[in-house]
Amino acid sequence: MTPVWNILKVNRSACIPHKGHEFVPTLYHFPSSCEVCPRPLWNVFKPPPALECRRCRLKCHKDHLDRKEEVLAPCKVNYDMSTAKELLLLASSTAEQQKWVSRLLKRIPRKSSVPSDLTRLSCPDMTTALIT
């Protein structure tokens with residue numbers, strides 16, 4: 001039987017995608033906690049297999065992913081359209097979905113539009129145009 005450490009060492013560069021996360025297998029020999037359950041995520045001598053997201057740094061037991069438990073929240077750093085669709089499906093009605101979308105649209109910053117005359121000017125021309 002191959003020790004877990006050797007398996008994880010080989011697959012260290014491998015990334016496990018799940019709900020927008022990019023999980024990397026790891027082991028914790030120092031105090032760390034699972035963000036999903038109260039079980040410790042570390043052990044000095046024989047730590048349990050763990051995963052850490054390269055993007056948002058979420059840490060959890062590998063068991064949660066292996067058992068296909070739906071306890072992991074989507075990655076907060078990675079924007080994934082399928083995750084947004086899943087969250088929208090949580091709304092109880094189409095009216096509530098539309099309310100969510102309209103609230104989000106109000107909070108998303110819009111790009112300021114630059115007048116077309118100024119976009120065609122080069123930098124020196126722009127300073128003279130602004131001065132006059």
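Contact here means that heavy atoms lie within 4.5 Å. In this predicted model, leaving aside its neighbours within four places in sequence, histidine 64 is in contact with Cys34, Val36, Cys37, Arg39, Glu69 and Val71. Histidine 64 belongs to helix α2, which covers residues 62–66, and it counts as buried because its relative accessible area is 4%, where buried means under 20%.

The sheet is open and has four strands in the order β1-β2-β3-β4, with antiparallel pairing. Its edge strands are β1 (16–18) and β4 (59–61), each of which pairs on one side only, and from one strand to the next the twist averages 35°. Strands of a sheet pair through backbone hydrogen bonds, in either a parallel or an antiparallel manner. Here β1 pairs with strand β2 (residues 21–26) in the antiparallel sense over three bridges, and proline 17 has glutamate 22, in β2, as its bridge partner.

Turning to the aromatic rings, the count comes to one aromatic pair. That pair joins tyrosine 28 and phenylalanine 30 in an edge-to-face arrangement, with 5.6 Å centre to centre and 90° between the planes. Lysine 59 lies over the face of tyrosine 28, at 5.5 Å from the ring centre.

| Residue | Relative accessibility | Class |
|---|---|---|
| Tyrosine 28 | 4% | buried |
| Phenylalanine 30 | 48% | partly exposed |
| Histidine 64 | 4% | buried |

Technical notes
Residues are numbered from 1 along each chain as its sequence is written. This is a predicted model: local features need pLDDT of at least 70, side-chain atom pairs count only at pLDDT 80 or more; totals for chains, interfaces and linings use all residues. Side-chain values use heavy atoms; hydrogens and water are left out. Rings of Phe, Tyr and Trp (its six-membered ring) pair if their centres lie within 6.5 Å; planes under 30 degrees apart count as stacked, over 60 as edge-to-face and the rest as tilted. Buried means under 20% relative accessible area, exposed over 50%, partly exposed in between (1.4 Å probe, protein chains only). A charge sits over a ring if NZ of Lys or CZ of Arg is within 6 Å of the ring centre and within 35 degrees of the ring normal. Helices (H or I, at least four residues) and strands (E, at least two) are DSSP runs, numbered from the N terminus. Two strands pair if DSSP finds at least two bridges between them. Axes are lines fitted to C-alpha atoms, for helices over the stretch in contact, and angles run from 0 to 180 degrees between N-to-C directions.
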